[in-house]
Amino acid sequence: MKAILLHQHGAPEVLTLGEFPTPQPGHGQVLVKLKAAALNRLDLWVRVGWPGIKLEYPHIPGADGAGEVAALGEGVTQWQVGQRVVINSNLSCGRCAECLAGWDNRCRDWHLLGETVRGTYAEYVVLPEHNLLALPDDVEERLAAAAALVYHTAWHSLITRAGLRAGESVLVVGASGGVNLASIQIARLAGATVYVVGSNAEKLALAEAQGADYLIDRSKDENWSKAVFQLTNRRGVDVVVDNVGTTFPQSFRAAAKGGRILTVGNTGGPKFEIDNRFIFSKHLSIIGSTMGTHQDFAAVMGLVFAGKLHPVLDRDFPLSDARLAQEYLESNQQMGKVTLAV
Ligand code: ZN
């Protein structure tokens, strides 16, 4: 099969189109012929590498994908060849205590497709049968692939972990990343009032189109926590979605007493200083999570399929141009999801 192969870490040039043996589905596994893949910031980090990452070369990047069932491994009963599917990229053992308790994204042997396991920048990928969800006839593969990881992540954080309720207020730090845009839509759908801090007017307009109620332009006022405090009548917000990390000091200030600070990543860097006095004196909770459970995936993708949540699509590149697609994502010009046509 054709695939984007990574033989070493490095700049986008290390991504090359090549031939790789088509994987064969084992017991309980399904071979999926991909039609669309979507990029995530994770793909860039995997390409660059980090201390301790161990890849089996050549590696194939990509967590998100959708296509059709091409072959069935032994023992697969719930799928038929030709069925259209979207991929849940969370790989769990299904047997450990965490998996059995329904927290499969806390599995002791957890892997993410495209991170330590070969992923979706390819014509074919093999997955356990329970990592697929059937696509309704009217939902395009590209849309489903673009939604999967970011909506799954945002849903698990806001709904499953933070227990967001109607009537609460949510501040999203960042206006254009995939998880942030999904968070804005999910918070609105849940009945929350949504505040967004963004870096420029164009990105804030995109946030507004997703349902944000209050927009704060940090290019005009770096001290955005003060703006949040003023907009909330000096109360602060119930929930802050902060996937930047280095912005935690401002997020603590913007939170109401008893507020929850949610984090699924740290685009601004992994290490930063925090002032603990905010945490205890304001009764703050910091809630971390990674990806989501099988149950979350079915729930949030059901809302995408029903048209209640709308992934924002940016550029679509042919698979062979994965390098250009990653350069585009790395440039931070994107307004929504960048996808690959396989
Ligand atoms: Zn497990």
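This is a predicted model: local features need pLDDT of at least 70, side-chain atom pairs count only at pLDDT 80 or more; totals for chains, interfaces and linings use all residues.
**Zinc site and domain interface**

Along the chain, the donors of the zinc ion are spaced as C-x2-C-x2-C-x7-C, donors being N, O and S atoms within 2.8 Å of the metal (3.2 Å for Na, K and Ca), with water not among the atoms, so sites may look incomplete. Residues are numbered from 1 along each chain as its sequence is written, and side-chain values use heavy atoms, leaving out hydrogens and water.

The protein donors are the SG atoms of C93, C96, C99 and C107, at 2.3 to 2.4 Å from the zinc ion. Angles of 103 to 119° among the four donor atoms make the site tetrahedral (four donors, all angles between 85 and 135 degrees).

I turn now to the domains. The assignment, which is automatic or from a database, gives domain 1 (2-135 + 312-341) and domain 2 (153-288). Their C-alpha centres lie 29 Å apart. Ten residues from domain 1 and twelve residues from domain 2 form the contact (heavy atoms within 4.5 Å).

About 810 Å² is buried between domain 1 and domain 2, 68% of it from carbon and sulfur atoms; buried area is the accessible area (1.4 Å probe) that two parts lose on being put together, summed over both. In domain 1, W103, V312 and M335 lose the most area to domain 2, together 50% of what that side buries.

Technical notes
Four donors count as tetrahedral if all angles lie between 85 and 135 degrees; four count as square planar and six as octahedral if opposite donors are over 155 degrees apart and all others between 65 and 115; anything else is irregular.
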